[in-house]
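Student: Could we go through this one together? I'd like to start with the overall picture and then look at single residues.

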Amino acid sequence: MEPYTSVKRVVIITNGVNDIGMACVREFLNNGYQIVYFSDRKINDISINSNKYVYFYCCDMSDHDHIKKAVNYVIVKFKQIDCVVNCINTYSPSASIFELNVAKRLSDIDMFSIITLYKYGYDELKKNNAAIINVPNKI
């Protein structure tokens, strides 16, 4: 899976291990991007994990300090962010949203993690006129 162009744009994909996130990783890779995906686990695909244009950053998306460090890693390593794709999806039929601690954690991940990512990446996003793509949760 080698990108067709030598121009390297950088995309952050949150939760690149889920179905939509994985499809985004593949599509952006095929279109010449360097991918940095934030997740609590690696993609289970050797062709992606061994690709020199794909970077994994272990990040708890409910922890604002983790997100800040992850965004700073991208800025320091690549000096740019050209796109952010938010594929956060915490919905689970087994999760009880009526338990306040569960509801708060899901809310932190679904909404506040995105706001935190934008906060710490704002200057780079603005400088590069970056595209932001938010993929909604399934219900």
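Student: What share of the 139 residues in the chain is buried?

Tutor: Buried residues make up 44% of the 139 in the chain, where buried means under 20% relative accessible area, exposed means over 50% and partly exposed lies in between, with a 1.4 Å probe and protein chains only. Before going on, note that this is a predicted model, in which local features need pLDDT of at least 70 and side-chain atom pairs count only at pLDDT 80 or more, while totals for chains, interfaces and linings use all residues. Residues are numbered from 1 along each chain as its sequence is written, and side-chain values use heavy atoms, with hydrogens and water left out.

Student: Which elements does the chain have, and in what order do they run from the N terminus?

Tutor: There are four helices and five strands, arranged from the N terminus as β-α-β-α-β-α-β-α-β; helices (H or I, at least four residues) and strands (E, at least two) are DSSP runs, numbered from the N terminus.

Student: And in what order do the strands sit in the sheet?

Tutor: The five strands form an open sheet with parallel pairing, in the order β3-β2-β1-β4-β5, two strands being paired if DSSP finds at least two bridges between them. Because β3 (54–58) and β5 (131–134) each have a single partner strand, they stand at the edges, and one side of each is left without a neighbour in the sheet. Neighbouring strands of this sheet are turned by 15° against each other on average, direction ignored; axes here are lines fitted to C-alpha atoms, for helices over the stretch in contact, and angles run from 0 to 180 degrees between N-to-C directions.

Student: How many bridges join β4 to β5?

Tutor: Four bridges join β4 (residues 83–86) to β5, and the two run parallel; in β5, N134 is the bridge partner of N86.

Student: Which strands does α4 touch?

Tutor: Helix α4 packs on the sheet and touches β1 (9–14), β2 (33–39), β4 and β5, its direction making about 170° with that of β4. A contact means heavy atoms within 4.5 Å.

Student: Back to β4, then: is V85 buried or exposed?

Tutor: V85, which is found in strand β4, counts as buried at 1% relative accessibility. Leaving aside residues up to four places away in sequence, V85 touches V11, I12, I13, T14, C24, F28, I133 and V135. V85 and I12 are 73 residues apart in sequence, yet 6.2 Å apart in space, C-alpha to C-alpha.

Student: Changing topic, what is phi for N15 and for N129?

Tutor: N15 has a positive phi of about 60° although it is not a glycine, and phi of N129 is near 50°, again a positive value in a residue other than glycine. As background, most residues other than glycine have a negative phi.
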